[in-house]
Amino acid sequence: MSPAMRIDVVSIFPDYLAGLQLSLIGKAVEQGLIELGIHDLREFTFDRHRTVDDSPYGGGAGMVMKAEPWALALEHILGADAEGTEGTGGAGSPPRPVLIVPSPAGPVFDQRTAEELAGADHLVFACGRYEGIDQRVLDWAQDHFDLRPMSIGDYVLNGGEVASMVMIEAISRLIPGVIGNPESLTEESHEDGLLEYPIYTKPANWRGHEVPEVLLSGNHQAIARWRRDRRLERTAEVRPDLLARLGDLDSRDRAVVDRFESRGETMTE
Ligand code: ADE
């Protein structure tokens with residue numbers, strides 16, 4: 001079995017991340033496919049009020065997360081890593097952990113990013129709150145981590161916890177063994193740049209609505225073609241940006257998209 005992926009999450013709301021113990025990720029942790037560490041940032045403060053924030057230099061609204069608790073938390077995680085690799089004597093040093101800092105100011109996380117990060121040994125998520133984290137600790141972290149600010153979309157959340165959970169779920173389901181049937185990963189939305197085809201289950205007639213006949217035909221080639229056509233149409237309809245990114249389609253696929261698009265034009269004329 002390949003070694004487990006280590007995932008550490010630092011937050012002032014560790015309870016927020018309890019959901020990671022459930023469902024497929026919880027099972028992957030139990031099975032030893034993922035090692036999960038959740039750390040309370042306030043454990044790395046030493047004043048009576050366990051202060052993690054202060055007012056911004058230069059003025060402005062809101063509060064800024066202080067550098068020192070973050071540095072101590074991240075050093076604690078690095079220290080545990082160093083203990084784990086002591087005495088291995090392997091050639092070269094192990095790859096740096098990836099430090100993901102959820103932020104609306106980062107590049108947007110997508111399925112390609114999830115695939116890339118699913119190959120990492122160690123991911124650390126730094127969940128900021130308030131206006132963000134003192135820049136100096138992020139500058140410092142570049143010497144110890146592969147630093148990756150990352151947004152989950154063009155909107156603003158109250159903190160990085162939900163964004164981290166989104167990314168952890170998207171990444172961890174790509175780790176071999178986490179999803180029982182890996183075939184179910186191959187025809188999903190975004191896997192190859194197209195959205196998923198519509199799916200149906202029994203009964204074949206539900207409240208007068210029939211399942212498309214081809215799906216009952218047993219003709220696997222015709223079913224595969226039907227499904228691809230529906231994926232092309234659906235993508236052309238709701239995410240034309242994805243289709244444009246795919247580049248050149250073969251002539252069969254192109255004809256399906258052209259037919260779909262010209263149908264749209266005649267409807268709006
Ligand atoms: N924190 C606040 N908004 C965010 C977003 N859109 N993505 C990631 N982290 C965030």
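Tutor: Helices and strands here are DSSP runs numbered from the N terminus, helices being H or I with at least four residues and strands E with at least two. This is a predicted model, where local features need pLDDT of at least 70 and side-chain atom pairs count only at pLDDT 80 or more, while totals for chains, interfaces and linings use all residues. Residues are numbered from 1 along each chain as its sequence is written, and side-chain values use heavy atoms, with hydrogens and water left out.

Student: OK. Where do E233 and R230 lie?

Tutor: Both are in helix α6 (residues 220-238), three residues apart, about one turn of the helix. E233 and R230 form a salt bridge, with the closest N and O atoms 3.1 Å apart. The term requires a side-chain nitrogen of Lys or Arg within 4 Å of a carboxyl oxygen of Asp or Glu.

Student: Is E233 buried or exposed?

Tutor: E233 counts as buried because its relative accessibility is 13%. Buried means under 20% relative accessible area, exposed over 50%, and partly exposed in between (1.4 Å probe, protein chains only).

Student: How many salt bridges does the structure hold?

Tutor: The structure holds 17. One of the pairs is E116 with R148, at 2.8 Å from N to O. E116 sits in helix α3 (residues 111-117) and R148 in strand β7, so this pair ties together parts 32 residues apart in sequence.

Student: Which residues are linked in a network of them?

Tutor: R225, R228, D229, R252 and D253.

Student: Switching to the ligand. What surrounds it?

Tutor: The shell, taken as residues with a heavy atom within 4 Å, includes P102, S103, M150, I152, G153, Y155 and L157. It divides into eight nonpolar, four polar and no charged residues. Ala, Val, Leu, Ile, Met, Phe, Trp, Tyr, Cys and Pro count as nonpolar, Asp, Glu, Lys and Arg as charged, and the others, Gly among them, as polar.

Student: Which backbone N or O atoms lie 3.0 Å from a ligand nitrogen?

Tutor: One of I152 does. For G153, a backbone N or O atom is 3.1 Å from a nitrogen atom of the ligand. The protein buries 96% of the 260 Å² that the ligand exposes when taken alone, with areas from the Shrake-Rupley method and a 1.4 Å probe.

Student: Back to L157. Where is it found?

Tutor: L157 is in the loop between β7 (146-150) and α5 (160-172). L157 is partly exposed because its relative accessibility is 38%.

Conventions
Polar contact = N/O pair within 3.5 Å; in protein donor to acceptor, adjacent residues only side chain to side chain.
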